[in-house]
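Good morning, and thank you for coming. I would like to take you through one structure today, and I ask that you keep the sequence and the model in view as I speak.

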Amino acid sequence: MQMRLSGRILLTTLDVLEIYIPTLSFTLMFVVFIIEIAWRYLVVPLTWTMEFSLMAFLWTTLLGACWALRDDSHVVFGLVYDSVGPTAQRAIRLAGNGLLFLAFCIALYPSWKFVAFMGFKKADVMQISMSIVFSPYIAFTVLTLGRLGYKLWTDLRSLAPRKEACP
Amino acid sequence: MSLPLIIFLLMFTLTMLLRIPIAFGMIMSSIFYFTFATGPHVPISMAANQFLSNMNVSFILLAVPLYIFAATIMNTSMVTELIFRFANTLVGRWKGGIGHVNVINSLIFSGMTGSAVADAAGPGIMEIEAMRKSGYEDAFSCALTAASATIGPIFPPSIPMVFYSLLSGASVGALFMGGMVPGVLMAVFLMAYVSYISNKRNYPTGVSVGFREFVRDTLYALPALLTPVILLGSIYSGLVTPTEAGALASLWALVISVAFYRSLGWRQLVEVLKSTAKTTGTVSIIVGAAFSFSYIIAIEHIPVAIGQLFLSITTNKYAFLFIVNVLFLVLGMFLDTMPIMFVFVPIVLPIVNQLGIDLVHFGVVIVLNMMIGLLTPPYGVLLFIMSGIAKTPLKPIIIETLPMTGTLIVLLFLMTYVPEVVLFVPRLLGQIK
């Protein structure tokens, strides 16, 4: 029961990070654009809107990309993969995901350091720390590592010999 | 060639061979390069640095999710259906009527969105179904729908032209204007082919619509047809930037779908927003990944080396354009438009500048070239989409697409060697000298 609850919490957290936050970011970006145009002609030009839109766009891109990784919606070059059998396809997946996993592991700490370092700077108008603005990059790296780890684990587990059913 | 560069190129090759998502493969190649490279300008964190610092200042890129949003609203609500009905009343009575309707429908739809895939996956379903009902072979219907979908990013607005503007510094407004005549010519060329093949195969003449019905369909479709007028009018009157125009077009599409046609409920709207966020993730992540990729290409002086190679072959700009067109057509057979745009276009841009070729002219030519790549096997995304939608084998679709691809290649070379085809409208409206 405890496991089920933790599993549900994990899935909900993933949905929030990968689906709801990018959807909300994009919605806010769209609304802010409309406010920007309306205010320019009806009231007074706003200065914070561009900064906000860029930030929302960055968040939509990075977290939306994690969502797309979940159901393999990214652009791939699949000519070689599609022309081989299931065993070779698994080997290709293992090699590809393994390389990606290694690269993202290498980059995790330096990326974290860079994002933390950017905290010295604040957005010109909104005065938000750039560490916060750039923080989805860390979420993107960690979520990608998690997703790749899960894919590697699934493929590796399928390599293990199946137990014969008892006569 | 240095060891980090060899590793970088090897990793990008493995990205292709191991079916790694292109964006993630670009990031991976950059990380491995920075891991092995030495010097103050190449720490591993440079991959994150290039991604974040550049994405955070590229205001022009904000147009991308907004155009995606507009296209998704159109495809979800009944706007596409109305435009199709309007196109049917316009040209449906001709010989091969539904074929012509398919092309006109794509041309109108392309004035609202900027993506060939959105055109193929949205109105494409309706176009194929209508052609099937009228007795056209599935393979021909799929081929024509795929070919007409390529008008999407040529006739303004255009997502690939936004990317090209980011890379080259050419004005988005001028690029959009430059695509107007070529977009209409693509429709004319494809309709000429439809006429020829309809006579040869005796395809049916569509139903002739009476004047009263024509007026009714036109008036009912008018709010939808106003979308490109609002979009382009607001840009060229100087009221809004091309990026803001994407928001205006989306708002207009939203208002008419919800309030006028009453074809978009809250639940559908939430799904549209979710779909836009995901598509933005798949498209824009490639742009972000390409920043560190391009940084490495620049610090390794690859454009200089390739430029020297090109210039050793020829210094004649017409010969250069011929070579580039052939090279990009070959690349388009194997690669998606995004890697071509972000890996290969920045490599040839310095030579384009050096030879004095107009950046707007080159941009429109290269975007059409890449759109043709979406139709050419073995890797033609539009062919795959059509095959999936119509549940039709790829081979007959490919065979039917070949003459249409040939027609578009003729237009490509016409545009290449008669720059006025592209530059006439931007010059007329004072966007370029």
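Let me begin with a term: a salt bridge is a side-chain nitrogen of Lys or Arg within 4 Å of a carboxyl oxygen of Asp or Glu. Please also bear in mind that this is a predicted model.

By that rule, the count over all chains comes to 14 salt bridges. In general terms, side chains of opposite charge can pair when their charged atoms come close. I shall start with chain A. A:Glu18 forms a salt bridge with A:Arg70, and the closest N and O atoms are 2.9 Å apart. This pair links distant parts of the chain, with A:Glu18 in helix 1 of chain A and A:Arg70 in helix 2 of chain A, 52 residues apart. Is A:Glu18 buried or exposed? Its relative accessible area is 1%, and the cut-off for buried is under 20%, so A:Glu18 is buried.

A:Arg70 has a further partner: A:Asp15 forms a salt bridge with A:Arg70, at 3.0 Å between the closest N and O atoms. A:Asp15 belongs to helix 1 (residues 2–42) of chain A and A:Arg70 to helix 2 of chain A, so this pair ties together parts that are 55 residues apart in sequence. A:Arg70 counts as partly exposed because its relative accessibility is 29%. A:Asp15, at 23% relative accessibility, also counts as partly exposed.

In chain B, the side chains of B:Arg132 and B:Asp138 meet in a salt bridge, 3.0 Å from N to O. B:Arg132 is partly exposed, at 31% relative accessibility, and B:Asp138 is partly exposed with a relative accessible area of 23%. Returning to chain A, salt bridges that share partners join A:Asp15, A:Glu18, A:Arg70 and A:Arg147 into one network.

I turn now to chain B as a whole. How many helices and strands make up its secondary structure? Chain B has 22 helices and zero strands. Its C-alpha atoms fill a box of roughly 75 × 45 × 45 Å along the principal axes. A compact globule of 433 residues would have a radius of gyration near 22 Å, and chain B has 22 Å, which agrees. Of the 433 residues in chain B, 63% are buried.

Helix 18 of chain B bends by about 45° at B:Val345, with a proline, B:Pro346, following within four residues. Because 14 of its 18 residues are buried, helix 18 of chain B is largely enclosed by the rest of the structure. Just after helix 18 of chain B, B:Gly356 takes a positive phi of about 75°.

One further pair brings in another helix. B:Ala290 is found in helix 15 (residues 266–299) of chain B, and it is buried, with a relative accessible area of 2%. B:Ala290 and B:Met338 are 48 residues apart in sequence, and their C-alpha atoms are 9.4 Å apart in space.

Next, the surface. B:Tyr318, B:Phe322, B:Val326, B:Val330, B:Phe334, B:Leu414, B:Tyr417 and B:Val418 form a nonpolar patch there, with about 660 Å² of accessible area together. Two elements of chain B give two or more residues to this patch: helix 17 (317–334) and helix 21 (394–417). Which helix of chain B gives the most to the nonpolar patch? Helix 17 does, with five residues. B:Tyr318 is in helix 17 of chain B and, at 41% relative accessibility, counts as partly exposed.

I close with the backbone. Most residues other than glycine have a negative phi, and most peptide bonds are trans. The bond that joins B:Pro156 and B:Pro157 is cis, with omega about -5°. B:Pro157 lies in the loop between helix 9 (138–149) and helix 10 (159–168) of chain B. The peptide bond from B:Pro377 to B:Pro378 is also cis, with omega near 5°, and B:Pro378 is in the loop between helix 19 (359–373) and helix 20 (381–390) of chain B.

As for phi, A:Asp72 has a positive value near 50°, in the loop between helix 2 (48–70) and helix 3 (79–82) of chain A. B:His301 has a positive phi near 55°, and this residue sits in the loop between helix 15 and helix 16 (302–313) of chain B.

Key:
Residues are numbered from 1 along each chain as its sequence is written. Chains are lettered from A and ligands numbered from 1 in the order in which they are written. This is a predicted model: local features need pLDDT of at least 70, side-chain atom pairs count only at pLDDT 80 or more; totals for chains, interfaces and linings use all residues. Side-chain values use heavy atoms; hydrogens and water are left out. Patches are made of residues with over 30% relative accessible area and no salt bridge: like charges are joined within 9 Å, nonpolar side chains (Val, Leu, Ile, Met, Phe, Trp, Tyr) within 5 Å. Accessible areas come from the Shrake-Rupley method with a 1.4 Å probe; for residues, only the protein chains shown count as cover. Buried means under 20% relative accessible area, exposed over 50%, partly exposed in between (1.4 Å probe, protein chains only). The bend at a residue is the angle between axes fitted to the seven residues ending there and the seven starting there. The radius of gyration is taken over C-alpha atoms; the globule rule is 2.2 Å times the number of residues to the power 0.38.
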